[in-house]
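Me: I would like to learn how to read a structure like this one. Could we go through its features one at a time?

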Amino acid sequence: MELKELLDEDIIELNLKATTKDEVLHELSKLLLAHGYIDDVEGFVADIYAREAEGITGMGDHIAIPHGISPHAKKIGIAIGRTSSMVEWESYDDEPVNLIFLFCVYGDENSGTYTTKLQAEAELARRLGSAGVIDQLQHVKSKGELVDVLTK
Amino acid sequence: MKIVGVTACTAGIAHTYIVAQKIQEAAEAAGHQCKIETQGTIGAENVLTEDEIRDANVVIICHDIAVDKSRFKGKRVVDIPIKVAMKNPKSLIATIEKKLNE
């Protein structure tokens, strides 16, 4: 599956109102709910927090990658948000974040589509590890540009 | 230097792949050949072959969950938690270079 197919502009918000980690997770989860990716905001957020407890998701460079396998996830995808000011988040470099990639994943399924989608998510994660991509992410001015930076 | 490695994080969704990319880029920027196998929810990708392991100067195991190391018997292994490579992959490669040159 093409990475471009996985990314959905409906669940990208470059002007999040959230100012705290909890607000970010709720705001992005509400987007996921609105577009059929999850069936319950509080349940999904609780599952994300469960993963947070296992290890930090602020990967440095003001980027956070919260994720968790959740039975409330109905579709595999990724909500992306940018906050207007920095948000406190447990990070490897002790810095706050303003770019959040909330992975939406459900558990084990024996299907080709499931594997292909997870492979696309893995490819996206790989891009987030690339210095070149990270540099450009902070400067994107539109959802289209964000998708381009992640998929070229 | 020929570097091979394996990455494996707890959920197997994100960190595994991000850190693999970071190590790969840092190693290549420093002029080394590098192949990193990822072990995630979808299973192992970019799997290391026996030849690649045999020819490697060093094996990096970067993980927050158990990884089977029996494939790497007799090799120089650098065993680190995910956060070490996430925080500073360049410094990791530099430290490995230093240790291998001692």
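This is a predicted model: local features need pLDDT of at least 70, side-chain atom pairs count only at pLDDT 80 or more; totals for chains, interfaces and linings use all residues.

Me: In what order do the five strands of the open sheet in chain B lie?

Reply: The order is S3-S2-S1-S4-S5. The edge strands of chain B are S3 (43-45) and S5 (77-80), each of which pairs on one side only. From one strand to the next, the twist averages 15°.

Me: In which sense do S4 and S5 of chain B pair?

Reply: Strand S4 of chain B, residues 58-63, and S5(B) pair in the parallel sense, over four bridges. To find one of these positions on the model, look for B:Ile61, whose bridge partner in S5(B) is B:Asp79.

Me: Where do side chains point along a strand?

Reply: In a regular strand, side chains alternate between the two faces of the sheet. Now turn to chain A and look at strand S5, residues 97-104.

Me: How many residues of strand S5 of chain A are buried?

Reply: Eight of its eight residues are buried, and the strand is described as mostly covered.

Me: Which strands of chain A are joined to S5(A), and in what sense?

Reply: Strand S3 of chain A, residues 63-64, runs parallel to S5(A) and is joined to it by two bridges. Here A:Ala64 has A:Ile100 as its bridge partner. Strand S4 of chain A, residues 77-87, pairs with S5(A) in the antiparallel sense over seven bridges. In that pairing, A:Ile80 stands opposite A:Phe101 of S5(A).

Me: Where are A:His62 and A:Asp94 found?

Reply: A:His62 is in the loop between strand S2 (58-60) and S3 of chain A. A:Asp94 is in the loop between S4 and S5 of chain A.

Me: Is A:His62 buried or exposed? And is A:Asp94 buried or exposed?

Reply: Count the C-beta atoms around each. A residue is buried if 20 or more others lie within 10 Å, and exposed if 12 or fewer do. A:His62 has 22 C-beta neighbours inside 10 Å, so A:His62 counts as buried. A:Asp94 has 10 other C-beta atoms within 10 Å and is therefore exposed.

Me: At what angle do helices H1 and H4 of chain B pack?

Reply: Helix H1 (residues 15-29) and helix H4 (residues 89-100) of chain B pack at about 55°, with their axes 8 Å apart. That angle makes H1(B) oblique to H4(B). Their crossing is right-handed.

Me: Which residues of H1(B) and H4(B) meet?

Reply: From H1(B) come B:Lys22, B:Ile23, B:Ala26 and B:Ala27, and they meet B:Pro89, B:Lys90, B:Leu92 and B:Ile93 of H4(B). By class, this contact has six nonpolar, no polar and two charged residues.

Me: How many residues does each chain give to the contact between chain A and chain B?

Reply: Chain B gives 18 residues and chain A gives 24 residues. On the chain B side, H1 and helix H3 (82-87) each supply at least two residues. H1(B) gives the most, with seven residues. The residues on the side of chain B that touches chain A divide into nine nonpolar, four polar and five charged.

Definitions and conventions: Residues are numbered from 1 along each chain as its sequence is written. Chains are lettered from A and ligands numbered from 1 in the order in which they are written. Two strands pair if DSSP finds at least two bridges between them. Axes are lines fitted to C-alpha atoms, for helices over the stretch in contact, and angles run from 0 to 180 degrees between N-to-C directions. Angles under 35 degrees count as roughly parallel, over 145 as roughly antiparallel, 65 to 115 as roughly perpendicular and the rest as oblique. A crossing is left-handed if the near helix is turned anticlockwise from the far one by less than a right angle, and right-handed if clockwise. Two residues are in contact if their C-beta atoms, placed from the backbone, lie within 7 Å. Ala, Val, Leu, Ile, Met, Phe, Trp, Tyr, Cys and Pro count as nonpolar, Asp, Glu, Lys and Arg as charged, and the others, Gly among them, as polar.
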